[in-house]
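Hi there,

Here is the structure I promised to pass on. Have a look when you get a moment, and my notes on its pockets follow below.

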Amino acid sequence: MDRLSNTVRPYAWGSTTAIPELLGVEPTGEPQAEMWMGAHPGAPSRLERGPLNEVIAADPETELGPETVAKFGPRLPFLLKLLAAGAPLSLQVHPDLTQAKEGYEDEQRRGVPIDAPHRNYKDANHKPELICALTPFDGLCGFRNPDDAARLLEGLDVNSLKPYVDLLHAHPEEAALREVLTAVLAADRDEMAATVTEAAAAAERIGGHYEPYALIARDYPGDPGVIAAMLLNHVRLQPGEALFLGAGVPHAYLNGLGVEIMANSDNVLRCGLTPKHVDVPELLRIVRFQATDPGVLRPEADPDGEEVYETPTDEFRLSRFVLPAGSTPRDLTARTPQILLCTAGNVRTGQLELAPGESVFVPAGEMTEISGNGTLFRATVVA
């Protein structure tokens, strides 16, 4: 078992205080958006033995176990993060596995540099993900029913939004959502900026269920993504609740601190709320135009007290232990690799004591017990 030293990414949307408060350190004044735990080459965790990706590459079967290597190859299939949003992340979708492979191979054939700002596919993997709230956490997830979206837009009483309202009422679900998102993203930028400004002022004035969109517009004035966001479900998670984001589902995180886990990929197609590249034709090919219930996940504890967040993906499995003082030690030995993250109290893992924000990597098959008084998240795979 190895204690991890992890990189904090300073993305502009990050909270300046949430991660420092969890770690019990003074804020730097700079945004601290994500703390990465895993073997992603962009910011691998460090062990005393070296960077985790290099440790795994030197002996994958020992570190990951033969079953994990046989199913996913010689690399850690997931990336675990602490995510602290102080402002909205970009409105985005992720491809499925087939789309990712095809998109990656196409850009490779065309010679698009892997670090080019207009490149869509950085790898050939899909990116299902799960976010579990540690604080109240606001996000957007999946399309609203078109009639509900029409009523939301209509309530702003903005003349330039009325054509979108008519489209949402006039067509079947898939066609309505596709046509409106296409129209919003393809509109003249100056005209759309004026529409967004008027809509944001109305949302600010009305408040209530319009408040999230007024807040988004403060961070992204004039951005078409503000209108696109109103096509989506707004969700507020309470601590311990989670959302699963599958392929093609548009989403954005708005505010809060959470534990995020995802397949080890960096493939993102953006819809708005970003200065980065937006490839509208490719985005429209990837988005699934269907209204969905966000499906808030609440874990159920097994007899050993492990609370599992069930998802349809095998690349990761996230669970949580809430350990009361004086509780019996629990055996977490597994045939698969694990990352254990403490988010509250103090938890002992093997011979190591973990404070909030501290984590360890446990190689496959290594004997592991946990005890203490605190909260521990367990990340592993389904092999």
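By class, how many nonpolar, polar and charged residues are in the lining of the second largest pocket? There are seven nonpolar, five polar and five charged ones. Please keep in mind as you read on that this is a predicted model.

Let me stay with that second largest pocket for a moment. It holds about 300 Å³ of space. Its lining is made up of 17 residues, and those closest to the centre are Asp138, Pro212, Leu215, Leu254 and Asn255. Two or more lining residues come from each of α10 (211-219), β10 (232-237) and β12. Helix α10 has the largest share here, with six residues.

Now for the largest pocket, which has a volume of about 850 Å³. It is lined by 37 residues, and Tyr11, Trp13, Ser90, Arg270 and Lys276 are the closest to its centre. The elements giving two or more residues to this lining are β3 (34-38), β6 (78-85), β12 (251-263) and β13 (269-272). Strand β12 contributes the most, with four residues. Sorted by class, the lining of the largest pocket comes to 18 nonpolar, seven polar and twelve charged residues.

Happy browsing, and do write back with any thoughts.

Best wishes

How values were computed: Residues are numbered from 1 along each chain as its sequence is written. This is a predicted model: local features need pLDDT of at least 70, side-chain atom pairs count only at pLDDT 80 or more; totals for chains, interfaces and linings use all residues. Side-chain values use heavy atoms; hydrogens and water are left out. On a 1 Å grid over the protein atoms alone, a cavity is a set of points where a 1.4 Å probe fits but cannot get out, and a pocket is an open set with protein on both sides within 12 Å along at least five of seven lines; lining residues have an atom within 4 Å of a point. Grid points are joined across faces, edges and corners, and a volume is the space filled by probe spheres set on the points. Ala, Val, Leu, Ile, Met, Phe, Trp, Tyr, Cys and Pro count as nonpolar, Asp, Glu, Lys and Arg as charged, and the others, Gly among them, as polar.
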